Amino acid sequence: MMKYIEKELDDLKNEVLSMWAMVYSQLNRAGEAMLSLDKDLAREVILREKRVNAFELKIDSDCEDIIALYTPVAVDLRFVLAMLKINTNLERIADFCEGMSRFVIDFPQISLDAELIDKTSIREMIDTTKKMMSMGKEALEEEKSSLAAGIFELDNRVDEINRAATEIIAKYIQDNPDRALECLNLISIIRKMERIGDHCNNMAEEIIFYLDAKILKHADKKAE
């Protein structure tokens with residue numbers, strides 16, 4: 001029985017890592033599509049969303065099967081529960097990527113002001129969330145809780161950018177009232193990026209829960 005559950009757990013880990021890579025690709029494509037207003041790239045993200053959703057359902061089912069068939073305990077149970085929650089967070093990140101891409105498709109008349117993009121640090125925001133995704137995947141792959149903990153500080157920077165953007169965009173609207181629609185949609189994109197950061201944070205918490213048996217939800221991660 002032991003060797004069977006070990007194989008099932010290894011297979012589950014590989015599935016989640018594959019899902020992670022798929023969602024990272026979605027984030028990368030969505031970010032590029034948004035910054036360049038590339039409609040073809042945006043359509044690719046939207047089309048790939050169905051594959052992400054199907055993969056999420058399969059991983060959910062596999063987690064349920066492992067629990068039902070093998071009744072794992074201790075670290076094995078923590079692992080399965082963590083993978084189940086990480087899977088959900090990955091799917092939510094993919095949803096936000098789809099939302100960013102639909103912005104490009106639904107508002108073809110919009111042209112983003114390069115100066116506004118620079119002032120709001122949205123490129124940095126995209127790069128930071130991509131780094132958070134990469135670090136999380138590596139932390140799970142290499143089973144390093146210290147690497148997962150490093151994600152919390154990056155999320156603080158994403159939050160800073162999000163908070164500062166509102167005032168920057170409000171002033172821009174005052175100076176350029178004819179571009180209010182562009183600005184309102186840009187705020188929506190920034191909010192989506194902030195939520196992606198939150199989900200990366202959640203996944204880091206789950207990795208630490210699995211590896212160190214620590215529950216960090218609602219805790220002050222700065223102390224970690």
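**Core, burial and salt bridges**

The largest nonpolar core has 69 residues, of which Leu12, Val16, Trp20, Met83, Leu90, Met133 and Ile196 touch the most other members. This is a predicted model, in which local features need pLDDT of at least 70 and side-chain atom pairs count only at pLDDT 80 or more, while totals for chains, interfaces and linings use all residues. Residues are numbered from 1 along each chain as its sequence is written, and side-chain values use heavy atoms, without hydrogens or water.

Q: What makes a set of residues a nonpolar core?
A: Its members are buried Ala, Val, Leu, Ile, Met, Phe, Trp, Tyr and Cys residues joined through side-chain atoms within 4.5 Å.

Q: Why is Lys13 called buried?
A: Buried means under 20% relative accessible area, exposed over 50%, and partly exposed in between (1.4 Å probe, protein chains only). Lys13 has 15%, so Lys13 is buried.

Q: How do you know that Asp11 and Lys7 form a salt bridge?
A: The term requires a side-chain nitrogen of Lys or Arg within 4 Å of a carboxyl oxygen of Asp or Glu. For Asp11 and Lys7 the N to O distance is 2.8 Å, and the pair qualifies. Asp11 is partly exposed at 32%, whereas Lys7 is exposed at 51%.

Q: Why does the salt bridge of Arg29 with Glu44 tie together separate parts?
A: The closest N and O atoms are 2.2 Å apart. Arg29 lies in helix α1 and Glu44 in helix α2, so the pair links parts 15 residues apart in sequence. Helices here are DSSP runs (H or I, at least four residues), numbered from the N terminus.

Definitions and conventions:
Helix = DSSP H or I, 4+ residues; strand = E, 2+ residues; numbered from the N terminus.
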